[in-house]
Amino acid sequence: MDEYEWRLLVLCVFWWTAAVSDLRSRTIPIYLPVFFFAAAVVTNVCLPTSIDPKQLWTGAVPGGLLLLLSFVLKGKIGEGDGICLLAGGIWTGISYILIILEGALVLVSLTGMILIAARRGKADERIPFLPFLAGSASMIFLRELAG
């Protein structure tokens, strides 16, 4: 297992742990993303890596923008999703986090269209986003394992 694969595995475990809480209560306990963010920073600083450090640190940009959007939109987007994406970006780097984010956005869009088509979706319904991030990361991890 190379470095990207074990990083993706750790990311999947973290995000699925947080996603269960997000699905149950529509909240993410703040200690989960804060712990993972701290672990990502410490790992990137203390352990030798074959990944370009600029790629790892710029991975925080999409999560930071999502967190900023959460504040601008006054909670229409969950802050926990932004913090989890920020930590995940520092953990995997910009290239992987953008692929994961793209896959999650496609999955959540399809889910929204299905809910609207089935007349079960409401205009103001909130869909937890973290399970889609975790699902997308899991698909990327499985693709990396397959070769």
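Colleague: Let's take H2: how many residues does it have, and how far does it reach from its first C-alpha to its last?

Modeller: Happy to, and please keep in mind that this is a predicted model. H2 is built of 16 residues, and from its first C-alpha to its last it reaches 22 Å. That is close to the 22 Å expected at 1.5 Å a residue.

Let's turn to its two sides. Buried in H2 are Leu32, Pro33, Phe36, Ala40, Thr43 and Asn44. These residues are on the same side of H2, because they cover an arc of only 95° around the axis. As for what covers the buried residues of H2, the cover includes H1, H3 (53–58) and H5.

Two of those covering helices, H1 and H5, also pack on one another. H1 spans residues 3–25 and H5 spans residues 79–92; their axes are 10 Å apart, at an angle of about 170°. Since angles over 145 degrees count as roughly antiparallel, H1 is described as roughly antiparallel to H5. On the H1 side, the residues that meet H5 are Tyr4, Trp6, Arg7, Leu8, Val10, Leu11, Phe14, Trp15 and Asp22. Their partners in H5 are Asp81, Cys84, Leu85, Gly88, Ile90, Trp91 and Thr92. By class, the residues of this contact between H1 and H5 divide into 11 nonpolar, two polar and three charged.

H1 deserves a word at each end. Glu3 lies in H1, and with a relative accessible area of 15% Glu3 is buried, because the cut-off for buried is under 20%. Once its neighbours within four places in sequence are left aside, Glu3 is in contact with Thr49, Ser50 and Ile51. Between H1 and H2 (31–46) there is a loop, and Arg26 is found in it. Most residues other than glycine have a negative phi. Arg26, however, is not a glycine and has a positive phi of about 60°. Its relative accessibility is 47%, so Arg26 counts as partly exposed.

The axes of H5 and H6 (residues 94–117) cross at roughly 135° and come within 7 Å. That angle makes H5 oblique to H6. Here Leu85, Gly88, Gly89 and Thr92 in H5 meet Ile94, Tyr96, Ile97 and Leu101 in H6. The contact of H5 with H6 takes in five nonpolar residues, three polar and no charged. Leu85, Gly88 and Thr92 in H5 are among the residues that meet H1, and they are also among those that meet H6.

H4 has 13 residues and reaches 18 Å between its first and last C-alpha atoms, close to the 18 Å expected at 1.5 Å a residue. Its buried residues are Ala60, Pro62, Gly63, Leu66, Leu67 and Ser70. Seen down the axis of H4, they fall within an arc of 170°, so they line one face of the helix. Leu65, Leu68, Phe71 and Val72 are exposed on the other side of H4. The buried residues of H4 pack against H3, H5 and H6.

Ala60 is found in H4 and counts as buried at 17% relative accessibility. Apart from its neighbours within four places in sequence, Ala60 is in contact with Leu86, Gly89 and Ile90. Gly89 is one of the H5 residues that meet H6, while Ile90 is one of those that meet H1. Ala60 and Glu102 are 42 residues apart along the chain, and their C-alpha atoms are separated by 15 Å.

Finally, the loop between H4 (60–72) and H5 is the place of Lys74. Lys74 has a positive phi of about 55°, although it is not a glycine. At 74% relative accessibility, Lys74 counts as exposed.

Terms used: Residues are numbered from 1 along each chain as its sequence is written. This is a predicted model: local features need pLDDT of at least 70, side-chain atom pairs count only at pLDDT 80 or more; totals for chains, interfaces and linings use all residues. Side-chain values use heavy atoms; hydrogens and water are left out. Axes are lines fitted to C-alpha atoms, for helices over the stretch in contact, and angles run from 0 to 180 degrees between N-to-C directions. Helices (H or I, at least four residues) and strands (E, at least two) are DSSP runs, numbered from the N terminus. Angles under 35 degrees count as roughly parallel, over 145 as roughly antiparallel, 65 to 115 as roughly perpendicular and the rest as oblique. Contact means heavy atoms within 4.5 Å. Ala, Val, Leu, Ile, Met, Phe, Trp, Tyr, Cys and Pro count as nonpolar, Asp, Glu, Lys and Arg as charged, and the others, Gly among them, as polar. Buried means under 20% relative accessible area, exposed over 50%, partly exposed in between (1.4 Å probe, protein chains only). The expected span of a helix is 1.5 Å times one less than its number of residues. The arc is that of the directions from the helix axis to the C-beta atoms.
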